[in-house]
Amino acid sequence: MDISFSLGWVDYLIMIIYFVFVLGIGFALKRYMKSSADFLTGGKSIPAWITGLAFISTNLGALEVMGMAASGAKYGMITTHFYWIGAIPAMIFLGLFMMPFYYGSKARSVPEYLKMRFDEKTRGFNAVSFAIMTIFASGISMYALAMLMETLLGWNFTFSIFISALIVLVYTYLGGLKSAIYNEVLQFFLIVIGFLPLVFLGLISIGGWEGLTSQLAEVATSHGYAAGAYTETWSPVANSSDNPMGVDWFGIFMGLGFVLSFGYWCTNFLVVQRAMAAGSMSAARKTPLIGALPKMFIPFLVIVPGMIAMALTSDPDSGFALPIKGNSYDYDKVIPMMLGYYFPTGVLGLGLTALMASFMSGMAGNVTAFNTVWTYDIYQSYINPDKSDKHYLRVGQMATVFGILVSIGAAYMAALFNNVMDFLQLIFAFINAPLFATFLLGMFWRRTTGHGAFFGLLSGTAAAAIHHGLTQPYGAVTLIKGGWLGTVVHTYPSEMAQNFWTAIFAFFACLAMTIIISLLTKQNKTKDELKGLVYSLTPRIKDESKRWYQRPEFLAVIVGIIAVVLSIIFW
Amino acid sequence: MEVDIRLPIGLMFTLLGLLLLIFGITTEADPELYKRSLEINVNFWSGLIMLVFGGLMLVFALRAKKSKTK
């Protein structure tokens, strides 16, 4: 099946209209960028519904969209665990319990909170690793997009890189974080409306959810799984051998649902920055909760098309088949293949524009998080303190340009050395895995000390590396998958299971070491300094919303109920 | 809010909606084009949905502006 397609004038016109509007938002916001705070923190004035949509939109990058569709095809409905258990509880926790400290501390970034709560070295470690990570993340997604445009539309690789980087550069350089956030809202709606026809057409052609279930039941039984392995969520994970992901409920619950999910949603500045930009404490707390409402339904937009693609592939009469890569299907091609299969010119342009919008929302998120951490946590702290605010505004703008240039370099590096990228992602996984333990102890146990936090984090990272070095997923052939310490003490049924357990080990190592070292060292912060940063020393906040149904707690209950109901429906 | 984001969102979706709607109507007679989308004029329907969404956003934005100037 040929996957390159030609576009008509309508398709190009749609793209151009979209480009004009994202750039226009940047130009419209340019005159409000007067201080470094306007540029880097959005001036803390944005309403909750906007930051809430931006919160999930920035996470809905092109890699997420294509990756989740790929997992939908490969693993089926259990991919929704990355949403209903792997995001919603953490988003509720962030909104109810952690935002009061992030927002109330007046920290301008997550690393800065670490500095206020712990010490300089903990901040430095987090700031530097985060800055490098965001740049590489945006480089990798740029690479993925350019590759896609090359295979689909025959666009030149370099042309795709430069046009996408240039547009993101212009609107983030002009309007800073606010421009990124506003555009993320626009991009969010575009992604939803652009992919919705795909889900509809796919479901109609396969005979609705019923048709999909029966077609995938055949696939499941032919692989030796129970009939519902691809279309149910919790029943296939009773045992790791019951599902194609090779994970069990404990790994999902602890590894994904607790450690990885809380580590990402509650400590990653990329998303937390959106909540910090809200106009009030109440709006900041509601940001992740408002984001959680649409977040729960995104699986139907990105995972279900992947499942449909798998069902169509297994039906020889459909005329659709995923391409083969090596000895399995090339799952990453799900979204582009489906767009080409169902969309005539017109909506095809819309779908491709939606894909570009998702890429831009992810990249702009990385860039705006990078320039803030660079300016406040690296430049102002270590390189050039005590300058005028004008100077830091300039540095922030320069960091935007610099960050995008380095991302372009990273994109070319990804094109040249695939292994380097895998290696870097692995290192970042080790650094991120224990982070939530540090924040949990820092926010809820006042005895936690700076030394405890820093060496706890290092121990967690070391534990992740050692666990990864001693274990392997089933069928691993390269050392990048694990086992590089010479002996393999345990073989996991899948890479996913290994990842979950690496995270679990890292979290508990960090938790234990932080507690032990904190008890052995003296508290480096006074009671006064910790006020507003630690639960027991912070006065309970009263939400300023007048009516009970406008309060974060009520919203959290609603979100929780919907997530539980969805899980039960697709049990 | 110095810039009401609903205004550009409303404008963009109204514009894109109109474009697809008109394109859908003019290509209605082209059976080749809609064969892949199961004989459904998906341009028309997507355009209509976007137009309604864009229009709603514009109404919200303009109402907010009115109540502000009052």
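Let's start with a helix crossing: where α4(A) and α13(A) cross, the handedness is right-handed. Bear in mind that this is a predicted model. The two partners are helix α4, residues 62-75 of chain A, and helix α13, residues 298-314 of chain A, and they pack at an angle of about 45 degrees with their axes 7 Å apart. That angle makes α4(A) oblique to α13(A). To find the spot in the viewer, look on the α4(A) side for A:V65, A:M68, A:A69, A:A70, A:S71, A:G72 and A:A73. Facing them from α13(A) are A:V302, A:I303, A:V304, A:P305, A:G306, A:M307, A:A309 and A:M310. Sort the residues of this contact by class and you get 12 nonpolar, 3 polar and no charged.

Now for another helix pair in chain A. Helix α8 (residues 157-206) and helix α16 (residues 389-416) pack at an angle of about 165 degrees, and their axes are 10 Å apart. An angle over 145 degrees counts as roughly antiparallel, so that is the label for α8(A) and α16(A). Their crossing is right-handed. From α8(A), the contact draws on A:I161, A:A165, A:V168, A:L169, A:T172 and A:Y173. The α16(A) side brings A:Q397, A:T400, A:V401, A:I404, A:S407, A:I408 and A:A411. Here the tally by class is 9 nonpolar, 4 polar and no charged.

Zoom out to the whole of chain A. The chain has 22 helices and 4 strands. Its C-alpha trace spans about 70 × 55 × 55 Å along the principal axes. Buried residues account for 58% of the 571 residues in the chain. Now take the contacts in chain A between residues at least 6 apart in sequence: 79% of them join residues at least 24 apart.

Chain B has 2 helices and 0 strands. Its C-alpha atoms fill a box of roughly 55 × 15 × 15 Å, again along the principal axes. A compact globule of 70 residues would have a radius of gyration near 11 Å, but chain B has 16 Å. Of its 70 residues, 33% count as buried. As for contacts in chain B between residues at least 6 apart in sequence, 72% join residues at least 24 apart.

A:Y113 sits in helix α6, residues 110-117 of chain A. Is A:Y113 buried or exposed? There are 26 other C-beta atoms within 10 Å, so A:Y113 is buried. Leaving aside residues up to four places away in sequence, A:Y113 touches A:Y102, A:S105 and A:A107. A:R123 is 10 residues from A:Y113 in sequence, with the C-alpha atoms 7.9 Å apart in space.

A:F423 belongs to helix α17, residues 418-432 of chain A. This residue counts as exposed because A:F423 has 12 C-beta neighbours inside 10 Å. A:F423 and A:I46 are 377 residues apart along the chain, and 38 Å separates their C-alpha atoms.

A:L537 lies in the loop between α21 (527-530) and α22 (552-569) of chain A. With 13 C-beta neighbours inside 10 Å, A:L537 counts as partly exposed. Its contacts, not counting residues up to four places away in sequence, are A:R446, A:K527, A:L530 and A:K531. A:W445 is 92 residues away from A:L537 in sequence, but the C-alpha to C-alpha distance is 10.0 Å.

Methods: Residues are numbered from 1 along each chain as its sequence is written. Chains are lettered from A and ligands numbered from 1 in the order in which they are written. This is a predicted model: local features need pLDDT of at least 70, side-chain atom pairs count only at pLDDT 80 or more; totals for chains, interfaces and linings use all residues. Axes are lines fitted to C-alpha atoms, for helices over the stretch in contact, and angles run from 0 to 180 degrees between N-to-C directions. Angles under 35 degrees count as roughly parallel, over 145 as roughly antiparallel, 65 to 115 as roughly perpendicular and the rest as oblique. A crossing is left-handed if the near helix is turned anticlockwise from the far one by less than a right angle, and right-handed if clockwise. Two residues are in contact if their C-beta atoms, placed from the backbone, lie within 7 Å. Ala, Val, Leu, Ile, Met, Phe, Trp, Tyr, Cys and Pro count as nonpolar, Asp, Glu, Lys and Arg as charged, and the others, Gly among them, as polar. A residue is buried if 20 or more other C-beta atoms lie within 10 Å of its own, exposed if 12 or fewer, and partly exposed in between; C-beta atoms are placed from the backbone. The radius of gyration is taken over C-alpha atoms; the globule rule is 2.2 Å times the number of residues to the power 0.38.
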